[in-house]
Amino acid sequence: MNEPELVKDAALFLRNKGIDEVDIGIILGSGLGPLAESVKEIARVPYAEIPGFPVSTVEGHEGVLIFGELEGKRVLVFKGRFHYYEGYSAREVAFPILVLKPLGVRYLIVTNAAGGVNRMMKPGDIMLIRDHINLLPDNPLRGQNWGGLGPRFPSMHDAYSKKLAILAKDAALSQGVFIREGVYVALQGPSLETPAEYSFVRLIGGDAVGMSTVPEVIVARYIGIEVVAFSIITNVANPYDPKPTSHDEVLKVSGEAGEKLIGIIREMLRHI
Ligand code: HPA
């Protein structure tokens with residue numbers, strides 16, 4: 001089966017589960033899991049059942065699609081995501097995003113955990129992603145043009161919606177949560193960065209570094225979905241005083257800051 005047929009198949013499968021006329025897609029990174037529990041659930045489908053979806057393998061990332069109502073909007077929540085470092089191509093990682101279009105989605109909210117390289121940052125900070133630099137050795141659009149679901153050379157000048165960024169900042173303000181804004185750099189992982197690599201990320205204009213998000217955002221823009229994305233800064237890299245980054249610490253900090261980010265997202269949903 002070719003990819004456009006797989007997308008049609010996946011969308012049909014999800015429609016048969018009662019998932020349709022979706023307003024907003026939400027990808028939950030580390031720490032955002034509790035958001036899924038607030039959704040007034042209409043349907044819940046494990047990724048493994050959906051035609052064309054890969055299967056998630058990483059600890060702390062459950063793979064299930066949750067559809068329902070949140071703050072009066074029809075949301076489709078990706079609880080768990082696929083990463084390049086798991087062995088998938090960027091194309092496989094981002095395939096699930098393609099099904100958002102036939103289900104009616106116009107907006108995508110993406111979250112992740114990231115390491116801060118901007119010296120202003122502290123663990124637990126929330127960063128609104130203003131732009132990204134793709135240093136994955138791959139691009140989800142590499143290869144055949146997915147049956148023309150979007151342009152061959154999609155523009156990325158507006159990868160992150162200015163309109164949604166304003167909503168995000170207003171939502172943060174009204175929740176009394178301070179947020180930063182910056183550039184997210186995607187590296188392949190799974191090994192964390194050396195002090196020299198953290199310095200390099202800073203040198204090229206990055207504020208935070210992580211191992212996800214970019215493939216999904218590229219594909220969302222390819223099919224014309226507007227994107228807003230947030231990083232939870234779980235650790236801060238100081239090249240002059242290098243400390244190990246531990247996955248346990250990432251999960252702990254993202255869980256705490258995740259509550260604040262959930263508040264911002266819920267407030268945004270009321271105004272989208
Ligand atoms: N580097 C890459 N990915 C990450 C980090 C980091 O320091 N922290 C959380 N995700």
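Ile24 stands opposite Val75 in strand E4 (strands, at least two residues, are DSSP runs numbered from the N terminus). The model is predicted, so local features need pLDDT of at least 70 and side-chain atom pairs count only at pLDDT 80 or more, while totals for chains, interfaces and linings use all residues. Residues are numbered from 1 along each chain as its sequence is written, and side-chain values use heavy atoms, with hydrogens and water left out.

Ile24 belongs to E1, residues 24-28, and five of the five residues of this strand are buried (under 20% relative accessible area, 1.4 Å probe, protein chains only). In a regular strand the side chains alternate between the two faces of the sheet. In E1, Ile24, Ile26 and Leu28 point one way, and Gly25 and Ile27 the other way. E1 runs parallel to E4 (residues 73-79), joined by five bridges; pairing requires at least two bridges found by DSSP. Four bridges join E1 to E5 (residues 107-116), also in parallel, with Gly25 opposite Leu108.

E5 also gives the most to the shell around the ligand, with three residues. Residues around the ligand (a heavy atom within 4 Å) include Ala113, Ala114, Gly115, Val209 and Asn235. A polar side-chain atom of Glu193 lies 2.6 Å from a ligand nitrogen atom, and one of Tyr198 lies 2.6 Å from a ligand oxygen atom. An N or O atom in the side chain of Thr234 is 3.4 Å from a nitrogen atom of the ligand. Taken alone, the ligand exposes 260 Å², of which the protein buries 94% (Shrake-Rupley method, 1.4 Å probe).

Technical notes. Buried < 20%, exposed > 50% of the residue type's maximum accessible area, 1.4 Å probe, protein only. Polar contact = N/O pair within 3.5 Å; in protein donor to acceptor, adjacent residues only side chain to side chain.
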